[in-house]
Amino acid sequence: MCRFLRYCFSHCLHAAMTRLEEVNGEVSMQSSVRWLGYLSGLNLLLALFLGLYARWERTAESTLLVIFVLALFVLGVASILYYHFSMERVSLSLLHLWFGFLLGLLCFLNSSSLKNDVKEQAANYLLLASVALRTLWALLERLLGCTRYRPAFLTSAERMELAGFVIACTALLTQKSLSVMVLVVALATVMVALRMKALLALPNLVCFAVITAVLFFKSLNITTNPFALSCFFSQLICDPLLDVYFSGLSVTERWQPFLVWRGLWRKLSLLPLLMVEVTFIILAGRKLTDLYQWYLMIPGFVVCALLWVICHIVFVITVWGFHTKLSDCQRLCLSQGPEFSGLHKVMASKGMRHFCLISERLVLLTLVSTVAVATLCWQASSSIFVSMFLLVLPLESLFHGLFHELGNSLGGTCVGYALVIPTNYCSPDGQPMLLPPGQVQMLNMRSTGILNNVQRFFAHHLIDTFGCDYSTSGVTLEALQTKIKSFLELRTTDGPRHDTYVIFYSGHTHRSGEWALAGGDTLRLDQILEWWRERNGGFCSRLILVLDCDNSLPWVKEVRKVEDVHVAVQGATLARLTDIQLQDPPQLGDFTSQWVEYNCNANSHIQWSERGRAVVASYGISKHWSDYTLHLPSGSDVTSHWSMYFPRMTYPVVQLALWCGGLNLLWLCSVCLRCLKRVKLNWFPPAILDTGQGFKLVRS
């Protein structure tokens, strides 16, 4: 035994000296911070061994001695695996498993005789020092930018420590150990909620900490070591809690482990969720065995349970519908090719934002019904009820956070229509005329290039295409009016209107900006706006006109005077070069090519603000453009959503969720903010205006 301990000590000392030589050769702030982590682990290791030894010394139980020897053996094996076989992951997983197991033993194998024991007090102080060093290490790592954030619900170290603590709780009686196991799963769920930055993650953390400290262990009727318990809790909560502030991952990056699951596995995950929910309501029903004030308890429980059942039917159907829509998005994403990584774009184009905004309100009502049932049927003496409540609450909060994050981060739906008329010459009266035969081929090639660029733009941003019309003989006003009106009436598959409508036009125009059509007809901007008002009355969609023509500037200026709708015009002016022998003059299609390249290629080197550009971009927005917000679910939208997904008996619950979600308690602040945004955009328009759909409007 002594030889084995000497062997372990010599190898640990050799590894420490080797590491010290490396640090002396390359001293940096990052390596110094890393040593704080090593010191924290060493403190924790000494505290565990000292506490275990103090318990063996007091009780003289052979089991503790065996565990002590096994812990030394595991430490030696982990060192050999780490330094001799380079199996870092296996070694660290083994160590963290034993850390969780030994912390659980120190927590549950506690007695009053250890209160004045010097070794036990020293172990407690070492545990506190380990927590302080661990927290300081994690904080400094994030402040210095040493942390690499990766999409994960739980790290392997956290999973191993949780599993070790669960194994340690088997030292208790069966019912008590089951309650502790459920509590550990609830702690893991709270950690996931923090790492995912769920909206209700911090309230869940406070609720978990207070109820566990005040009620849970008192209901177990056991004495625990508060220092070991606090150390275990702090070790696990530290990183997720700091990540709430420091993590820079986007919403889809944080939820990636869940969003990339296969549809079958995601739907099967509903089974354990249903089991947890059913177990909770059954445990809550045990309150009815208490006959105190039964005449109030029984009717109250029936009403709350009925509301709870209806809300959770809505909850399950909502989650199932989300999985179905997400599977459709995954299939579309895979069809784009293995190099395509824009799941968030696909989700936005499929109307997932609208679905999540409604689902967020429904899940919030589900949470309220759970809290109502728990409050009515609270059982402070039942540890299994308390732990089950602490598990159900963060589980439902996770789905609420998912729907809230996606509803506020995903872009809206968008539909587009393009019209390309390859006419570049006109008669003296301003009407289009046929080109000379020698230039037909060149103009057709340029017009085809415009059409290809527009189709690339629509495909890249997953804009639903109503049509890309190409006409060499011109278009009549009547045909164009029918086409545009049909386009402006389009709706999503879920029922509501699209958030953004994009019309692209390239062709001949008059000096006033009017489109020159076949038969001597023209199309003015106010005609398009009139059609838009007719089709968009009562809705909050927006219209974007992209013009690649000779005279787009008049419409850019005219749209800035429009007040009652959300309309933008993106145009360009072709510079007239004085020396055409040194440089080819710009032509129609150059702006479309550059604008599409700028919006579809993140590595594009196009600079719209550079001086002397041959193509000068310009955009104009209506006066109320800044008031635009993505379409929020209205009463008719929720009714359509309810009739599509839910049974008839759930209609009152859905309407209640709509009414609660529609309350705006900060309306005065929103009015002031709207005025400030309107002044900013009208008086100081930015050079690049982000539309929120993935593409930008630009001006030179």
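I looked up Q570 and found it buried, at a relative accessible area of 0% (buried means under 20%, exposed over 50%, partly exposed in between, with a 1.4 Å probe and protein chains only). The model is predicted, so I note that local features need pLDDT of at least 70 and side-chain atom pairs pLDDT 80 or more, while totals for chains, interfaces and linings use all residues. Residues are numbered from 1 along each chain as its sequence is written, and side-chain values use heavy atoms, without hydrogens and water.

Q570 sits in strand 7 (residues 567-574); strands are DSSP runs of E with at least two residues, helices runs of H or I with at least four, numbered from the N terminus. I found its side chain 2.8 Å from the backbone nitrogen of V698. Leaving aside neighbours within four places in sequence, Q570 has contacts (heavy atoms within 4.5 Å) that include F591, W595, Y619 and V698.

Next I checked R353, in helix 16 (residues 352-376). R353 counts as buried, at 4% relative accessibility. Its side chain makes a polar contact with the side chain of D499 at 3.2 Å (N or O atoms within 3.5 Å; within protein, one able to donate a hydrogen and the other to accept it, and residues adjacent in sequence count only if both atoms are side-chain atoms).

Last, I took helix 7 (residues 174-195) and helix 17 (residues 383-409), which pack at about 20° with axes 8 Å apart. They are therefore roughly parallel (angles under 35 degrees; over 145 is roughly antiparallel, 65 to 115 roughly perpendicular, the rest oblique).

Terms used: Axes are lines fitted to C-alpha atoms, for helices over the stretch in contact, and angles run from 0 to 180 degrees between N-to-C directions.
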